[in-house]
Amino acid sequence: FGLFNHHGNDANRYTSAMNRANVVRIADGEGGYSALTSNHISLENNSFSKFKIAFSFYAIEMENSDDLCLDYEIDDGATTGKKCWNSLHAFDNSRWYDDMSFEFSASNAKSLRIRSRIDGDGNEDDVIIDSVTIQ
């Protein structure tokens with residue numbers, strides 16, 4: 001999982017899926033069980049105040065009420081935030097989106113943790129994630 005670890009059985013790494021190599025699938029929308037969470041990212045000795053998380057994803061059987069969310073946590077929860085994309089308005093199933101991003105500010109941050117998750121309602125809600133970058 002590289003920079004990330006997983007929680008529960010609903011986050012799995014695949015060597016190949018949907019014509020991409022080394023991707024992660026999160027599924028089901030079952031809280032922490034369907035999330036991909038980063039390891040603790042130290043920002044010590046850096047003066048970052050703005051962050052951008054960019055990633056690619058492919059949605060499978062997400063219904064109109066389902067969301068793909070990106071959460072962030074600064075300094076072990078001192079500051080938190082999230083951005084969710086609703087499948088009704090922001091994306092369609094069965095195609096790659098290579099331009100998803102989320103920007104946020106955090107002055108004097110010492111650490112960062114990010115989490116991708118599905119806020120869904122069924123066992124068929126799946127998202128394949130590829131190419132996550134933090135800038």
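Modeller: A disulfide is a pair of cysteine sulfur atoms within 2.5 Å. A search of the whole structure finds one disulfide. The model is predicted: local features need pLDDT of at least 70, side-chain atom pairs count only at pLDDT 80 or more, and totals for chains, interfaces and linings use all residues. Residues are numbered from 1 along each chain as its sequence is written, and side-chain values use heavy atoms, with hydrogens and water left out.

Colleague: Which residues does the disulfide join?

Modeller: The bond links Cys-69 to Cys-84, with an S to S distance of 2.1 Å. Strands are DSSP runs (E, at least two residues), numbered from the N terminus, and helices are runs of H or I of at least four residues. Cys-69 lies in strand β7 (residues 67-74) and Cys-84 in strand β8 (residues 79-86), so the pair ties together parts that are 15 residues apart in sequence. The link of Cys-69 and Cys-84 is right-handed, with 110° about the S-S bond.

Colleague: How many helices and strands does the chain have?

Modeller: The chain has zero helices and eleven strands.

Colleague: What is the order of the strands in the open sheet?

Modeller: Strands of a sheet pair through backbone hydrogen bonds, either parallel or antiparallel. Two strands count as paired if DSSP finds at least two bridges between them. Here an open sheet of five strands runs in the order β2-β3-β11-β6-β9, with antiparallel pairing. Its edge strands are β2 (11-17) and β9 (96-105), each of which pairs on one side only. Within the sheet, β3 (residues 20-27) and β11 (residues 126-134) form an antiparallel pair over four bridges. Val-24 stands opposite Ile-129 in β11.

Colleague: Which residues is Asn-5 in contact with, leaving aside its neighbours within four places in sequence?

Modeller: Contact means heavy atoms within 4.5 Å. With those neighbours left aside, Asn-5 is in contact with Leu-36, Thr-37, Ser-38 and Asn-39. Asn-5 belongs to strand β1 (residues 4-7) and is partly exposed, at 24% relative accessibility. Across the chain, residues 24 or more positions apart account for 74% of the contacts with a separation of 6 or more.

Definitions and conventions:
Buried < 20%, exposed > 50% of the residue type's maximum accessible area, 1.4 Å probe, protein only.
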